[in-house]
Structure formats: structure tokens, C-alpha cells
2 protein chains.
Amino acid sequence: MTQACPATVGQRLDEIETPALLVDLDAYERNLKRMASALEGRAVRLRPHAKTHKSPEIAVQQMAHGAVGVCCQKVGEAEVLVAGGVPDVMVSNQVVGGSKIARLAALAGQARLAVCVDDGRNVAELSAAAAAVGAAGVTLGVLVEIEVGCERCGVAPGEPARVLAAQVAESPGLEFVGLQAYHGNAQHIRTVEERRAAVRRAADLAAETAELLARAGLACPVISGGGTGTLPFDLEAGVLTELQAGSYIFLDADYARNETAETLPGGGFEHSLFVLTTVMSLPRPGRAVTDAGLKALAFDSGPPAVWRREGVRYTGPSDEHGTLEAAKDASLGYGEKLLLVPGHCDPTVNLYDWYVGIRGKRVERVWPVAARGAVA
Amino acid sequence: MTQACPATVGQRLDEIETPALLVDLDAYERNLKRMASALEGRAVRLRPHAKTHKSPEIAVQQMAHGAVGVCCQKVGEAEVLVAGGVPDVMVSNQVVGGSKIARLAALAGQARLAVCVDDGRNVAELSAAAAAVGAAGVTLGVLVEIEVGCERCGVAPGEPARVLAAQVAESPGLEFVGLQAYHGNAQHIRTVEERRAAVRRAADLAAETAELLARAGLACPVISGGGTGTLPFDLEAGVLTELQAGSYIFLDADYARNETAETLPGGGFEHSLFVLTTVMSLPRPGRAVTDAGLKALAFDSGPPAVWRREGVRYTGPSDEHGTLEAAKDASLGYGEKLLLVPGHCDPTVNLYDWYVGIRGKRVERVWPVAARGAVA
């Protein structure tokens with residue numbers, strides 16, 4: 001249910017109703033350019049993850065900066081992206097359930113669509129659904145997901161992946177596209193050397209599996225994976241053909257807690273996503289309560305950082321409140337507005353209907369989080 | 001941005017697209033009746049918290065079961081509730097910021113509206129805004145919030161509350177209504193005796209403050225507070241004139257972890273809110289991955305409970321996945337649908353656009369989470 005936009009174009013920052021989801025357009029655009037320059041001259045392609053932003057507008061801007069398409073996790077997201085003009089979408093996830101698979105197949109009639117599998121039954125269902133679209137059927141790209149350390153979905157690398165890939169290749173309506181080899185857990189390993197080692201192991205597993213498949217006549221034009229936290233190591237390992245980094249456009253507080261690799265190409269990314277909040281209560285010296293709590297921020301990766309306000313910490317949320325503790329010389333004012341850097345950008349974005357794009361201290365544009373709530 | 005409804009009326013449970021937010025209508029209706037019977041013959045009034053459900057339809061049903069109106073936390077919620085036909089709304093929270101206060105005052109021209117304060121500057125702003133509506137101004141009910149253990153907003157009980165109440169009583173456009181004395185932290189104290197003691201302390205502070213105000217000529221027709229977790233003790237203490245319980249209609253997994261008081265009137269409440277999810281991957285024996293993660297459930301009060309599936313535990317979420325561990329004799333099937341009891345109902349509801357109301361194994365009706373995302 002869409003709520004009113006908290007801002008209008010031309011407003012000053014301090015006039016925006018809070019909580020509001022803000023994008024610092026200068027920082028965001030620098031992040032787009034940084035990624036483009038990091039990948040310049042390399043064979044690896046960028047297919048950024050749209051689960052981060054849920055916005056066709058942002059996806060189109062990413063493609064204008066060199067991305068070949070985007071990823072997403074849900075059919076509902078893919079529908080919104082395709083409706084918003086994105087021509088190439090990979091669902092980097094399994095799609096299970098008759099009506100959802102039918103929606104995915106229908107969408108493959110409108111744009112280039114791919115999906116991941118890790119179960120032979122799912123392959124059979126996808127094939128049947130692709131054949132059932134229109135008179136001639138459609139072709140759905142399929143990647144076999146292998147487990148490379150994420151401890152989530154995926155078949156084991158090697159022979160189990162070959163068996164499943166062979167089934168895909170033989171299935172009408174499906175085109176075997178390659179391997180999905182995402183190591184989600186590696187993204188937030190704090191130290192550079194441990195993160196590099198985890199990526200190296202995942203890359204080796206993906207490379208060995210691709211070679212096994214090639215010997216069986218199953219070429220893998222795509223090996224997809226990687227993320228913002230592992231970008232320099234993904235490039236260093238050189239196995240992935242498509243990078244799925246998503247958070248680079250916004251950079252959340254948790255990614256900022258990673259030890260940064262000196263090898264990060266093009267310099268680091270910077271925070272461009274903020275939640276604007278208002279101090280609504282000053283119950284005692286050193287404490288303030290703001291209007292952004294569990295329904296305005298995601299806390300799974302820790303609390304937000306308070307932006308450029310020395311000595312002020314966000315210490316705890318309740319549903320609609322956030323408690324701040326301020327050092328003695330950092331007193332907070334009644335009605336004061338603060339910028340918070342979300343601990344985790346993806347589920348924070350999913351709480352809002354609108355992006356408020358600011359340039360300096362003015363609202364330049366607002367646009368919808370069009371796939372917000374597209375969980376199915 | 002409103003997403004498509006995952007169900008249609010008449011569908012079977014296993015045909016609903018997942019994740020979906022389900023209400024077991026039989027259980028929900030029993031909860032409505034249980035609360036009505038618990039309060040039968042008592043002077044205390046029920047003003048349930050609509051931040052739980054964000055639905056004017058549910059608010060109207062609560063009023064049909066004896067509630068005098070509802071609470072909510074945000075002006076945006078109040079707007080949706082009033083637009084949906086709710087005649088009496090108390091914002092049990094501070095409203096800070098010029099445009100928000102103007103919206104609140106405007107709404108007071110359409111329904112009975114009250115709001116909480118804990119700062120004299122806020123009182124002055126509310127008064128000015130109430131006077132500025134239309135030609136004659138409007139009257140806004142105001143409660144002084146006192147800190148009774150919640151460690152959030154509120155002035156100290158006693159003299160500070162009297163000073164603020166006197167300011168309210170003297171302010172044009174404002175009507176001093178009484179005290180807000182909510183002890184949020186007490187709701188989830190696990191043992192009966194500790195919970196009872198916390199409620200008793202809060203009630204004593206509220207009663208003493210109300211007496212102090214009465215001696216100063218400031219009658220408190222309303223002393224508002226309480227919750228689902230403390231209901232029997234709120235009744236036992238006998239100080240509150242209005243109860244703000246919200247979760248009783250749904251009952252989340254965290255409330256179910258409370259030790260239950262023998263004194264709970266009308267029997268305990270029961271789970272009526274569920275997230276329906278699908279097993280989308282079976283990566284190894286004893287493990288399954290479902291399609292409900294951080295964007296489909298709130299985790300601030302722990303993981304969801306798996307409903308009536310012995311030996312199956314939800315062990316960890318990522319953005320769009322949930323990992324389940326199953327005991328040896330509890331194997332999960334590919335595509336199987338499971339019901340999850342959310343750890344915390346309020347922020348879980350806020351992730352969905354639609355309630356899917358089921359009776360037995362059929363969809364009986366669907367209705368919007370109309371104030372979903374109304375954070376401002």
C-alpha cells in the first residue's frame with residue numbers, strides 16, 4: 001500500500017518529513033562511475049543485484065554505466081524490472097511453485113530471462129512451463145547453482161552439477177547458461193586475507209566444475225557470483241564472468257566495517273544511502289529518541305551509524321523509536337534532523353515506498369522503490 | 001508500492017503464492033472475543049494498538065467488540081485509519097516537525113484525535129497548529145507521557161508531569177486528557193512475578209502522578225498504557241483507564257515465550273498470524289531452504305516458530321531465504337508449504353501489502369495492510 005512521498009522536489013533537507021530514505025545523488029553517481037572504472041578493460045561483465053535497490057530506474061542507470069543486465073531474487077522483482085524497461089534479468093535464485101514458474105515463463109516472452117536451479121524436479125517444471133507459453137513456447141536461460149561456501153542453496157560442485165546441467169541442456173524450452181557460484185558468507189568476512197582465501201576456494205570450485213562440464217560438452221558461457229565485499233578478490237581470482245555486486249551503489253554500515261583491501265580498484269565506494277530521522281524526545285541529558293526504529297531500518301547487520309555527528313551513537317530500536325546516546329559535548333537538539341547510515345541497505349530499502357534524491361541540501365528528484373515488498 | 005495480492009478468494013491454502021501473510025480467521029475472531037470477555041463488567045476501556053495491524057478494517061472490528069477507539073504511533077497511520085472509518089484515534093507517541101503537526105491538526109477536524117507530549121516546545125507547536133485549522137481551529141486531545149520503566153520517551157512522573165499538564169491545560173486548541181504510562185519493557189519479562197512487579201511499579205507511579213495533578217485541579221480522565229504481555233497485571237493493578245494491548249489479536253512467537261499467568265482472564269490468546277512459506281531447496285539431508293527471509297519476517301524478537309511440524313526449526317535468515325533444520329524423522333519435501341509464527345508480529349505485518357484471511361484450508365477474504373509503510 002503506497003504511502004505519500006515524504007518530500008517534494010526543490011525542498012530543503014530540513015523540510016523533508018521523517019523517517020525518509022535519502023540518496024545522496026553525488027555520492028551515488030560517483031559509486032556508479034567507480035564500478036565502471038574498476039571493470040574497464042576487463043572481460044568480466046557487471047550484472048548488479050537489483051535486490052539492493054528494487055528500482056528499474058537505478059537498473060537502467062547501471063546499464064548506462066556498462067552493466068549487461070541485472071540480477072534479482074524474486075519473480076515479483078523481475079516483473080517490476082521488466083515492466084520498467086530492463087531488457088535482461090537473471091533471477092539468481094530458485095523459483096518453486098506452479099503459478100510462480102508460470103509467471104517467470106510468461107516474463108521470458110517479454111525480456112531475456114534466466115533463473116537458477118539446484119533440483120531436477122524444478123528443471124522439469126521450468127521446461128514444461130516454458131513450453132506452455134503462447135503457441136511456440138519461450139526460452140528460459142538456466143544456471144546450475146553450486147554450493148561454494150554460502151551454506152544455502154545449490155548442488156555440490158563437480159559431478160552433481162554436471163548431472164543437473166546435462167538435464168537442463170536436454171530440456172525443451174531451457175538453455176543451459178552456466179553456473180551460479182555465489183559465496184554470500186564471504187562478503188562480510190572482516191579481514192582481507194580471510195576474505196581473499198574464501199573467494200579463492202569458491203573460485204577454484206567453480207573453475208573445476210566448469211572444466212568438468214566442458215569435458216562433458218557443456219560449455220559455461222556464464223559463471224556468476226561475487227559481491228561488493230569481495231570485488232577485488234573476485235577480480236583477482238578471475239573465474240567469474242559476471243559479477244553480481246549490488247550494495248556498491250549505496251554501501252551500508254556493515255560493509256564499511258570490512259577491512260578494506262589495498263587492491264580495491266578505483267578506490268573504495270562511499271555511503272550514498274541514508275535514513276533521515278528527527279529527534280522527537282530528549283528524556284534526559286545525553287539521551288535522545290528519534291522517530292526511526294524497526295519499521296524504518298534493518299537491524300540484522302547491526303545498528304545504523306550516525307553520520308558526521310561525533311560522539312552520538314544509535315544504541316537501540318523499538319518498533320517506531322530509536323534511542324541515541326550522546327557524549328557530553330555532543331548534545332542533541334529538539335527537532336534536530338540526523339542522517340543515519342543503515343546497517344544493511346537491502347532490507348532497509350524494502351521498508352520504503354520512495355527514494356528522495358538529494359543534491360547538496362536540496363531535493364532534486366523522488367522516485368519509487370517500485371519492487372518494494374515484491375517477496376513472491 | 002503495492003504488489004499483487006498473493007491469493008484469491010476461494011483458493012486452497014496450498015495454492016497461495018509465498019511468502020504470504022495469513023490470518024487464521026477462526027483464531028483471530030476467538031482472540032477478539034476473548035479480550036471482550038476479559039474486560040466484561042470492568043470500568044477499564046480497550047483502545048487497542050493499531051500499529052500491530054495497520055488496518056482500518058481490523059480497527060473497526062475491534063470497536064465492534066467493545067474498543068472505544070484505537071492507538072497508533074504515526075500521523076500517517078492515523079490518516080489511514082481515519083480515512084478507513086475509525087472515528088477515534090490516539091497517537092500514543094510524540095509528533096515532532098511542522099508539517100507533521102499540521103497534518104495531525106487537520107485530521108482532528110475529521111475525527112476525535114489525541115496525541116502524547118513530553119516537551120513544552122512541542123505543546124506550544126501543537127497549540128498553534130490546532131488554532132490554525134480552518135476558521136475556528138480544532139481541539140486536539142493531549143496526554144502527558146510519563147516515564148514508568150520503558151526507558152524511552154516521557155517526562156519523569158510527579159512534578160515534571162504536573163508542569164507539562166498545566167501548560168497543556170492552558171493552551172488554546174488543546175484539551176488535557178490525561179497520562180500516557182506505557183511500560184513497553186515489561187511486556188516481554190518472562191516470569192509472571194517479575195512482570196507483575198514491573199507493572200505494579202509503573203501503576204503506582206501513574207496513580208501518584210494522577211493524584212498530584214488532581215490536587216492541582218488537573219483531572220486525568222484517561223490513564224493509558226498496558227499491553228498483551230501484561231494484561232492480567234494491568235487489570236489487577238487497576239490504575240489504567242484505557243488498555244493499549246495490540247498483539248492479542250495475532251499473538252507472536254515472542255509473547256508465546258512468556259510464562260503465562262494463571263490469572264489471565266478468559267484464557268490465553270492464540271496464534272492467528274502466520275507467514276506461509278515454500279521449501280525451495282533441499283541442499284542436504286536434514287536441511288531445507290524456504291523463500292521467507294529478512295524481507296518476509298521480522299527477527300528482532302527471534303526467529304519464527306515452525307507451526308505444527310515437530311522436529312523442524314527455522315535456524316537462520318538471509319535477505320530472501322530461510323534455513324530450516326529438520327530432525328531425522330521430520331524430513332521436508334520439495335515444494336512443501338509451511339506455516340511460520342513470526343517472532344514479532346508488528347514489524348512482520350509492516351512487510352506485507354495484503355492480509356490473506358483463511359478459514360480452515362480456504363481463502364475466505366483478502367484485505368490490505370492499508371497503513372503498511374506509514375512511517376512518517
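Modeller: Domain bounds come from an automatic or database domain assignment. Please keep in mind as we talk that this is a predicted model.

Colleague: Thanks! Which domains does the assignment give for chain A?

Modeller: There are two entries: domain 1 covers 13-21 + 269-368, and domain 2 covers 25-249. Notice that domain 1 of chain A is written as two stretches of sequence.

Colleague: What separation do the centres of domain 1 of chain A and domain 2 of chain A have?

Modeller: Taken over C-alpha atoms, the centres are 33 Å apart. The two domains of chain A still meet: 14 residues of domain 1 are in contact with 17 residues of domain 2.

Colleague: Which elements supply the side of domain 1 of chain A that touches domain 2 of chain A?

Modeller: Helix H10 (345-349), strand S16 (354-359) and strand S17 (362-368) of chain A each supply at least two residues of that side. S16(A) gives the most, with four residues. Sorted by class, this side of domain 1 of chain A has six nonpolar, four polar and four charged residues.

Colleague: Now the two chains. How many residues of chain A are in contact with chain B?

Modeller: In general, the size of an interface is often given as the accessible area lost when the parts come together. Here we count residues instead: 58 of chain A are in contact with 58 of chain B. On the side of chain A that touches chain B, helix H4 (98-107), strand S10 (273-284) and H10 of chain A each supply at least two residues. The largest share, five residues, comes from S10(A). By class, this side of chain A has 23 nonpolar, 19 polar and 16 charged residues.

Colleague: Could we look at one residue? Is A:Pro19 buried or exposed?

Modeller: The idea is to count neighbours: a residue is buried if 20 or more other C-beta atoms lie within 10 Å of its own. A:Pro19 has 26 such atoms, so A:Pro19 is buried. You will find A:Pro19 in the segment before strand S1 (20-24) of chain A.

Colleague: Last one: how do I read a sheet, and in what order do the eight strands of chain B stand?

Modeller: Follow the pairing from strand to strand. The open sheet of chain B runs S2-S9-S8-S7-S6-S5-S4-S3, with parallel pairing. Strand S2 (45-46) and strand S3 (70-72) of chain B are the edge strands, since each pairs on one side only. S2(B) pairs with strand S9 (residues 242-243) of chain B over two bridges, in the parallel sense. B:Arg45 has B:Glu242 in S9(B) as its bridge partner.

Key:
Residues numbered from 1 in each chain as written. Chains lettered and ligands numbered in written order. Predicted model: local features only at pLDDT ≥ 70, side-chain atom pairs only at ≥ 80, totals over all residues. Pairing = 2+ DSSP bridges. Contact = placed C-beta atoms within 7 Å. Nonpolar A, V, L, I, M, F, W, Y, C, P; charged D, E, K, R; others polar. Buried ≥ 20, exposed ≤ 12 C-beta atoms within 10 Å, placed from the backbone.
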